[in-house]
Amino acid sequence: ERFGTHPLRLEALCSQDVTGFMLQQARRYSPAHAKLIATALRSFFRLFLQRGAIATDLAKAVPPVPNWRVSALPTCMKADDVECLLQSGDRTTPQGPRDAAILLLLARLGLRAGEVAALTLDDLDWDAGELCVRGKGARHDRLPLPHEVGDAIVASLRHGRPPGATRQVFVRMRAPRRGFANGHAVGTIVCRALARAGLHPVHKGAHLLRHSLATQLLQSGASLAEIGALLRHRDLETTRIYAKVDQGALRALALPWPGGDA
């Protein structure tokens with residue numbers, strides 16, 4: 001960024017270069033991503049200083065990136081938009097039933113993208129009507145399997161899953177025919193579905209449906225504890241971010257404006 005196509009001259013770097021670069025990154029990326037860049041820069045500058053490549057400790061010039069916990073509002077879609085998204089797929093195509101089941105798991109149960117990708121045939125307990133979710137920190141949680149979601153998974157297994165030896169529920173349509181390696185493929189499926197439905201939210205990842213589910217439940221009268229149990233949050237503080245979108249409850253807490261109605 002500093003030298004472009006010219007030779008790299010670390011000794012010519014100054015604190016203004018560092019702060020200017022970080023200001024650009026803060027405008028370009030989210031606070032969490034910019035904070036990672038700042039951490040990486042400090043590590044590099046300390047290494048350069050130790051090796052004698054620079055004479056000034058430029059790590060001290062990297063400004064901190066404010067990223068307070070649960071400070072932002074969760075991005076979510078309206079209930080009508082979620083239903084439009086769920087109906088956007090073409091289930092006559094090979095990938096249609098698979099994508100429909102994935103979207104329902106995200107929208108109705110609030111699963112994370114990685115949890116959907118890791119789902120195996122052994123996680124489906126049809127007799128008990130339950131689903132075993134392999135979540136963060138090697139946790140295994142059991143969730144009720146709604147009929148709508150179960151029917152979609154059955155249709156996916158019958159009509160949207162190529163034959164193969166893998167035990168993963170959702171499989172690639174193109175060779176090699178294997179299960180998803182991680183949640184990135186699930187996020188791509190959500191982005192494509194949003195485009196088909198003509199929806200253009202600011203954030204287009206799979207987490208959008210998780211946030212939308214929590215917001216809909218809150219607006220329907222569910223408590224934060226109930227929402228946290230469904231989303232499998234370890235800490236209630238993580239769930240409290242959704243209280244910010246409950247405008248009806250927040251309006252009752254607002255103090256009167258000193259100037260009156262005007």
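Let's start with Leu85. Setting aside residues up to four places away in sequence, Leu85 touches Met77, Leu103, Ala193, Leu194, Ala197, Leu199 and Leu209. Keep in mind that this is a predicted model.

Where does Leu85 sit? In helix α3, which covers residues 79-86. Is Leu85 buried or exposed? Its relative accessible area is 1%. Buried means under 20%, so Leu85 counts as buried.

Now look at Gly198. Along the chain, Leu85 and Gly198 are 113 residues apart. In space, their C-alpha atoms are 8.7 Å apart.

Next, Gln25. You'll find Gln25 in helix α1, residues 15-28. Gln25 has 4% relative accessibility, so it is buried too. Which residues does Gln25 contact, leaving aside neighbours within four places in sequence? Ala34 and Ile37.

On to the strands. Strand β3 runs over residues 140-144, and its side chains alternate. Asp141 and Leu143 point to one face, and they are buried.

What does β3 pair with? Strand β2, residues 130-134. How many bridges link β2 and β3? There are 5, and the pairing is antiparallel. Opposite Leu143 stands Leu131.

To recap. Leu85 in helix α3 is buried at 1%. Gln25 in helix α1 is buried at 4%. Strands β2 and β3 pair in the antiparallel sense, with Leu131 opposite Leu143.

Key:
Residues are numbered from 1 along each chain as its sequence is written. This is a predicted model: local features need pLDDT of at least 70, side-chain atom pairs count only at pLDDT 80 or more; totals for chains, interfaces and linings use all residues. Side-chain values use heavy atoms; hydrogens and water are left out. Helices (H or I, at least four residues) and strands (E, at least two) are DSSP runs, numbered from the N terminus. Buried means under 20% relative accessible area, exposed over 50%, partly exposed in between (1.4 Å probe, protein chains only). Contact means heavy atoms within 4.5 Å. Two strands pair if DSSP finds at least two bridges between them.
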